[in-house]
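Please consult the sequence and the structure shown here alongside the text.

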Amino acid sequence: MIDVLQRLLMHRKNTPFLIRVICLCAGWLFTVLAFLGVFLPLLPTTPFLLGAAACFYRSSDRFYHWIMDNKYFGHYLRNYKAGRGIPLRIKILALAFTWSSTLFSAIFIVPWLWLKIFLIAISVSITIHLSVIKTSRSDET
(Lines give C-alpha, C1' and ligand atoms only; values in the text may rest on other atoms or scores of the structure.)
Protein backbone atom coordinates (compact mmCIF):
# COMPACT_ATOMS: atom_id res chain seq x y z
CA MET A 1 0.00 0.00 0.00
CA ILE A 2 2.79 2.43 0.88
CA ASP A 3 4.59 1.65 -2.40
CA VAL A 4 1.45 2.43 -4.38
CA LEU A 5 1.02 5.73 -2.53
CA GLN A 6 4.68 6.62 -3.03
CA ARG A 7 4.38 6.01 -6.77
CA LEU A 8 1.20 8.14 -6.94
CA LEU A 9 2.83 10.87 -4.88
CA MET A 10 6.14 11.04 -6.71
CA HIS A 11 8.03 14.25 -7.55
CA ARG A 12 6.84 16.18 -4.49
CA LYS A 13 9.84 15.44 -2.27
CA ASN A 14 9.79 18.86 -0.56
CA THR A 15 6.32 18.21 0.87
CA PRO A 16 6.05 15.79 3.81
CA PHE A 17 4.53 12.41 2.95
CA LEU A 18 1.51 12.79 5.26
CA ILE A 19 0.67 16.19 3.75
CA ARG A 20 0.88 14.69 0.26
CA VAL A 21 -1.51 11.87 1.26
CA ILE A 22 -3.96 14.38 2.77
CA CYS A 23 -3.75 16.57 -0.34
CA LEU A 24 -4.29 13.58 -2.60
CA CYS A 25 -7.42 12.56 -0.67
CA ALA A 26 -8.69 16.15 -0.63
CA GLY A 27 -8.01 16.43 -4.37
CA TRP A 28 -10.19 13.42 -5.10
CA LEU A 29 -12.90 14.66 -2.74
CA PHE A 30 -12.90 18.01 -4.55
CA THR A 31 -12.99 16.23 -7.92
CA VAL A 32 -16.07 14.23 -6.88
CA LEU A 33 -17.75 17.38 -5.53
CA ALA A 34 -16.96 19.23 -8.77
CA PHE A 35 -18.48 16.38 -10.78
CA LEU A 36 -21.60 16.50 -8.61
CA GLY A 37 -21.66 20.28 -9.07
CA VAL A 38 -22.22 19.78 -12.79
CA PHE A 39 -25.62 18.27 -11.94
CA LEU A 40 -26.48 20.04 -8.68
CA PRO A 41 -26.77 23.77 -9.32
CA LEU A 42 -26.05 24.97 -5.79
CA LEU A 43 -22.82 22.99 -5.62
CA PRO A 44 -20.26 25.14 -7.45
CA THR A 45 -18.09 23.24 -9.91
CA THR A 46 -15.29 25.71 -10.59
CA PRO A 47 -14.07 26.27 -7.01
CA PHE A 48 -13.94 22.52 -6.42
CA LEU A 49 -11.99 22.00 -9.65
CA LEU A 50 -9.56 24.71 -8.61
CA GLY A 51 -9.23 23.12 -5.17
CA ALA A 52 -8.63 19.70 -6.73
CA ALA A 53 -5.95 21.11 -9.04
CA ALA A 54 -4.23 22.84 -6.10
CA CYS A 55 -4.30 19.66 -4.01
CA PHE A 56 -3.04 17.51 -6.86
CA TYR A 57 -0.29 20.06 -7.58
CA ARG A 58 0.94 19.58 -4.01
CA SER A 59 0.59 15.81 -4.00
CA SER A 60 0.86 14.12 -7.40
CA ASP A 61 2.24 15.17 -10.77
CA ARG A 62 0.24 12.39 -12.40
CA PHE A 63 -3.16 13.56 -11.14
CA TYR A 64 -2.31 17.24 -11.54
CA HIS A 65 -1.61 16.67 -15.23
CA TRP A 66 -4.70 14.46 -15.51
CA ILE A 67 -6.99 17.20 -14.20
CA MET A 68 -5.30 20.02 -16.14
CA ASP A 69 -5.37 18.04 -19.41
CA ASN A 70 -8.84 16.56 -18.95
CA LYS A 71 -10.82 16.86 -22.19
CA TYR A 72 -14.02 18.02 -20.43
CA PHE A 73 -12.83 20.66 -18.01
CA GLY A 74 -9.07 20.98 -18.44
CA HIS A 75 -9.36 23.96 -20.79
CA TYR A 76 -11.44 25.84 -18.19
CA LEU A 77 -8.75 25.28 -15.58
CA ARG A 78 -5.96 26.28 -17.96
CA ASN A 79 -7.84 29.44 -18.98
CA TYR A 80 -8.56 30.30 -15.36
CA LYS A 81 -4.92 29.68 -14.39
CA ALA A 82 -3.70 31.82 -17.28
CA GLY A 83 -6.07 34.65 -16.30
CA ARG A 84 -8.11 34.41 -19.51
CA GLY A 85 -11.41 34.06 -17.63
CA ILE A 86 -14.69 32.31 -18.39
CA PRO A 87 -16.68 32.64 -21.64
CA LEU A 88 -19.79 34.81 -21.41
CA ARG A 89 -22.01 31.94 -22.61
CA ILE A 90 -20.84 29.74 -19.71
CA LYS A 91 -21.42 32.55 -17.21
CA ILE A 92 -24.95 33.16 -18.49
CA LEU A 93 -25.81 29.44 -18.46
CA ALA A 94 -24.39 28.99 -14.97
CA LEU A 95 -26.29 31.97 -13.59
CA ALA A 96 -29.55 31.05 -15.32
CA PHE A 97 -29.39 27.47 -14.08
CA THR A 98 -28.36 28.53 -10.57
CA TRP A 99 -31.07 31.16 -10.14
CA SER A 100 -33.88 29.14 -11.74
CA SER A 101 -33.19 26.13 -9.52
CA THR A 102 -32.69 28.29 -6.43
CA LEU A 103 -35.93 30.19 -6.90
CA PHE A 104 -37.86 27.01 -7.71
CA SER A 105 -36.49 25.34 -4.59
CA ALA A 106 -37.08 28.38 -2.38
CA ILE A 107 -40.66 28.86 -3.58
CA PHE A 108 -41.94 25.31 -4.02
CA ILE A 109 -39.76 22.86 -2.09
CA VAL A 110 -38.02 24.35 0.95
CA PRO A 111 -40.40 24.93 3.88
CA TRP A 112 -38.05 26.82 6.25
CA LEU A 113 -37.33 30.53 5.89
CA TRP A 114 -33.77 30.21 7.17
CA LEU A 115 -32.96 27.62 4.49
CA LYS A 116 -34.56 29.77 1.78
CA ILE A 117 -32.35 32.67 2.87
CA PHE A 118 -29.32 30.37 2.91
CA LEU A 119 -30.03 29.12 -0.65
CA ILE A 120 -30.42 32.67 -1.92
CA ALA A 121 -27.20 33.70 -0.15
CA ILE A 122 -25.34 30.88 -1.91
CA SER A 123 -26.72 32.00 -5.27
CA VAL A 124 -25.72 35.60 -4.55
CA SER A 125 -22.21 34.38 -3.70
CA ILE A 126 -22.00 32.41 -6.93
CA THR A 127 -23.23 35.45 -8.88
CA ILE A 128 -20.61 37.69 -7.27
CA HIS A 129 -17.88 35.14 -7.91
CA LEU A 130 -18.79 34.81 -11.58
CA SER A 131 -19.11 38.58 -11.96
CA VAL A 132 -15.62 39.18 -10.58
CA ILE A 133 -13.96 36.65 -12.88
CA LYS A 134 -12.82 38.06 -16.19
CA THR A 135 -15.10 37.32 -19.15
CA SER A 136 -13.21 35.80 -22.07
CA ARG A 137 -14.09 36.13 -25.72
CA SER A 138 -15.23 32.91 -27.37
CA ASP A 139 -12.19 32.79 -29.65
CA GLU A 140 -9.85 32.70 -26.61
CA THR A 141 -11.19 29.41 -25.27
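How many aromatic pairs does the structure hold? The structure, which is a predicted model, holds 10 aromatic pairs.

## Aromatic pairs and cluster

A pair of aromatic rings is described by the distance of the centres and the angle of the planes. For Phe-56 and Phe-63, the ring centres are 5.6 Å apart and the planes meet at 40 degrees, so this pair is classed as tilted. Phe-56 has a relative accessibility of 0% and therefore counts as buried. Phe-63 is likewise buried, because its relative accessible area of 12% is under the 20% limit. Both residues belong to one aromatic cluster, formed by Trp-28, Phe-56, Phe-63, Trp-66 and Phe-73.

A second pair involves Phe-104 and Phe-108, with ring centres 5.2 Å apart and planes at 45 degrees, so it too is tilted. These two residues are four apart in helix H6, which means that about one helical turn separates them. Is Phe-108 buried or exposed? At 61% relative accessibility Phe-108 counts as exposed, because the value is over 50%. Phe-104, at 45% relative accessibility, counts as partly exposed.

Helix H6 also contains Phe-97. Phe-97 has a relative accessibility of 45% and is therefore partly exposed. In sequence, 57 residues separate Phe-97 from Leu-40, yet their C-alpha atoms are 9.6 Å apart in space.

## Overall architecture

The protein has seven helices and two strands. Along the sequence these elements follow the pattern α-α-α-α-α-β-α-α-β.

Of the 141 residues in the protein, 34% are buried. Among contacts between residues at least 6 apart in sequence, 61% join residues at least 24 apart.

Ser-59 is located in helix H3. With a relative accessibility of 0%, Ser-59 is therefore counted as buried.

## The largest pocket

Rolling a probe the size of a water molecule over the atoms shows where empty space is left. In this model, the largest pocket has a volume of about 860 Å³. Its lining comprises 30 residues, of which Gly-37, Thr-45, Thr-46, Ile-90 and Ala-94 are the closest to the centre of the pocket.

Which helices each supply at least two residues of the lining of the largest pocket? They are helix H2 (17-39), helix H3 (45-59), helix H5 (74-81), helix H6 (88-109) and helix H7 (113-132). H2 gives the most to this lining, with six residues. By class, the lining has 22 nonpolar and eight polar residues, and no charged residues.

Gly-37, one of the residues closest to the centre of the largest pocket, is found in helix H2. Gly-37 has a relative accessible area of 9% and is therefore buried. Leaving aside residues up to four places away in sequence, Gly-37 touches Leu-43 and Thr-45. Thr-45 is also listed among the residues closest to the pocket centre. Gly-37 and Leu-49 are 12 residues apart in sequence, with 9.8 Å between their C-alpha atoms.

Where is Pro-44 found? Pro-44 is in the loop between H2 and H3. Its relative accessible area is 28%, so Pro-44 is partly exposed. Pro-44 and Ala-94 are 50 residues apart in sequence, and their C-alpha atoms are 9.4 Å apart in space. Ala-94 is another of the residues closest to the centre of the largest pocket.

Terms used:
Residues are numbered from 1 along each chain as its sequence is written. This is a predicted model: local features need pLDDT of at least 70, side-chain atom pairs count only at pLDDT 80 or more; totals for chains, interfaces and linings use all residues. Side-chain values use heavy atoms; hydrogens and water are left out. On a 1 Å grid over the protein atoms alone, a cavity is a set of points where a 1.4 Å probe fits but cannot get out, and a pocket is an open set with protein on both sides within 12 Å along at least five of seven lines; lining residues have an atom within 4 Å of a point. Grid points are joined across faces, edges and corners, and a volume is the space filled by probe spheres set on the points. Ala, Val, Leu, Ile, Met, Phe, Trp, Tyr, Cys and Pro count as nonpolar, Asp, Glu, Lys and Arg as charged, and the others, Gly among them, as polar. Buried means under 20% relative accessible area, exposed over 50%, partly exposed in between (1.4 Å probe, protein chains only). Contact means heavy atoms within 4.5 Å. Rings of Phe, Tyr and Trp (its six-membered ring) pair if their centres lie within 6.5 Å; planes under 30 degrees apart count as stacked, over 60 as edge-to-face and the rest as tilted.
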